[in-house]
Amino acid sequence: MYFELFFVLICLSKCYCLDREDDQDQCALLIKWLHSSSVSLEVSKKGFHREVTTTVDVRPEALSSGASVLLLHRWPRGVFVDPYQLASLSDHSNWEILLDSAIDLELPAHKTSGFSTYMFPTTLLPNILKFKIPVHGRYHESSFAGETFTSVHFEPPELLLRTKKCTDLHRFESYPVVDAPCTVSNSSTCSWFKKSQQQEGSSIISMMLPVGDGSATKLVCSGTLLVTGICSVALSKYILKHRII
Amino acid sequence: METLLSKLPDKHVLFSASFVVRVALVAYGDHQDRTMEVKYTDIDYHVFTDAARFITQGESPYNRSTYRYTPLLAWILTPNIYLCMAFGKILFVFCDVLSGVLIYTILCLRGLHGKTATCVCSLWLLNPLPMGVSSRGNAESIMAALVLGMLLCMEAKRLVWAAVLYGLSVHMKIYPITYALPIALALRAPQEGSADAKSIRTWKKFVTFIGSFLNRELIVFGIVSGGVFSIFTLAFYYMYGWTFLHETYFYHLTRRDIRHNFSPYFYMLYLTADSRGSQWLGLAAFLPQLILLLVASWSFHQDLAFACFLNTAIFVSFNKVCTSQYFLWYLCLLPLIIPNLTLSVKQGLTLLLLWFAGQALWLAPAYFLEFEGYNTFVLIWLAGLLFLMVNCFVLIQIITHYRPKPPPQRPKAE
């Protein structure tokens, strides 16, 4: 009897060890896939209404194994996204987006702070994925140094991977782990492996936005008040001249 | 002119055709929205519909960001959610055609011949601008119908109805408040001229002037319109609190939109947005508008339609923010004064072209700023000032060539 009990215990512990080994294998695979993946960003169109294209290159085995992909964009305060526009676009796009905070569509750049978006791809084939999001430039503070443009810098997004088969991520102390929503419905938080960043600043993209000329403030104010004053005096004169008595 | 008038359709044909054309535009707009990248429907229509959806879910319409209108509009548009998305557009198109009918009726009451009135109101009914605006889903036609309805009731001496419509129009948008002074001046007791006016002391004249406002008609108008406005304001304040007051009224009164728009003050307000003197500049920008409104109200209150047209045009042209939607506020009143203008067709068309040219000169650098990324701020500023000068020139030409309707016959003083 003791022999049978001992035998069952050995089998159970072997199953547990196999599970743990499986778990470790899956996590190691995720890290391996992340190492070999790449993500880049480019900004197209001109003016205040731009399109940001994020290109992600992930191993096909990662996608076919059922791993979830998440792109975490940290946007500068010089731009904003229109949540209503994104909602209407997501029906025809290959992504769903979750915003981390409410966005004021009208504030100038210096009165707001940056925000983050969590982009969940809805189609994961083919393995090189392109995601396009419309972004809009905010008005910036006028420049007193004679500059006619200001630059807004975009960092490439963070690529996050997780899989249900890898449950204990925190054992991999040397590899960055991030807590983020599990799905776009934001009902729970999961741990994700984050692709470690390459050298800082190497892949920052910039776009230029026009700004007002602060050094011309006095001229603009006096010119505006002069013209509006003259117009109002002229108009008053003709109104009073042709008034109905 | 007679041959042109004889070729005009009967007014019922005109009204029906105008409605059919607008409904066809709504149907086309739906097709364009579904098939093309550039959408026909205005973004404002989606704002209204989203706000109406929040109401159907028992929430505040102000949960919809950038909804800055009365909750009444969202309530009226709840059939967008229950029935059909196009309900609001059909309503706006109906109000647009109703505005044309009201213009026709007012012109007939002012003594114009039926055929001439049909010709003049076709300037609104067959005008592509209001057609496009209402079929795209802007709610300006509701305001046009309310203001024209008020003027019709004033013309027909139906004071209570005029007061109800006026109170409602001020609740929906602030700008009709500029009609308060001309209406008050028009309703006060008639001033009797006196041969020895100079010998009356100034203080007595002043007392007589103030006393003329204590008049049954004016008091009734004030109580009814004030009551209608207060009922709606209190009801919505009870339902939605401070947010309603802020988004519907205070936001528009204190609005400092530094993004490019037609206003001559746009660049000045952008450059001084955070400076200490910006409050004084705001006040300096408000003074010409206020003084002109007072002068115009006083000078033309005897012809209420003209006074309202002039007040609205002054308000829009000298405002700190001006978008193309605002033009409809005074364009809907233009057909009422056209029969009294002594301008020739050639002169009228020249002024119209000048007005369009002023807009085009602004739109060009604005396009290059917004969609091509060039720094055209100075050009936009100069174009804004030029557009103000064009507007003032056009208004001066209208004032100079306006022949008011003859005053009602007064009994001879004994």
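Helices here are DSSP runs of H or I with at least four residues, strands are runs of E with at least two, and both are numbered from the N terminus. The model is predicted, so that local features need pLDDT of at least 70 and side-chain atom pairs count only at pLDDT 80 or more, whereas totals for chains, interfaces and linings use all residues. Residues are numbered from 1 along each chain as its sequence is written, chains are lettered from A in the order in which they are written, and side-chain values use heavy atoms, with hydrogens and water left out.

Begin by selecting L290(B), which is found in helix α16 of chain B.

Next, show the interface, where 43 residues from chain A and 50 residues from chain B are in contact, meaning heavy atoms within 4.5 Å. The two chains bury about 4200 Å² between them, 70% of it on carbon and sulfur atoms; this is accessible area (1.4 Å probe) lost on putting the two parts together, summed over both.

Four salt bridges cross this interface, each a side-chain nitrogen of Lys or Arg within 4 Å of a carboxyl oxygen of Asp or Glu. To see one of them, select E106(A) and R68(B), whose side chains meet at 3.1 Å, N to O. Then colour helix α4, residues 217–241 of chain A, which gives the most to the side of chain A that touches chain B, with 17 residues.

Finally, select E158(A) and K194(A), whose side chains meet in a salt bridge at 3.9 Å, N to O. Because E158(A) lies in strand β9 and K194(A) in strand β11 of chain A, the pair ties together parts that are 36 residues apart in sequence.
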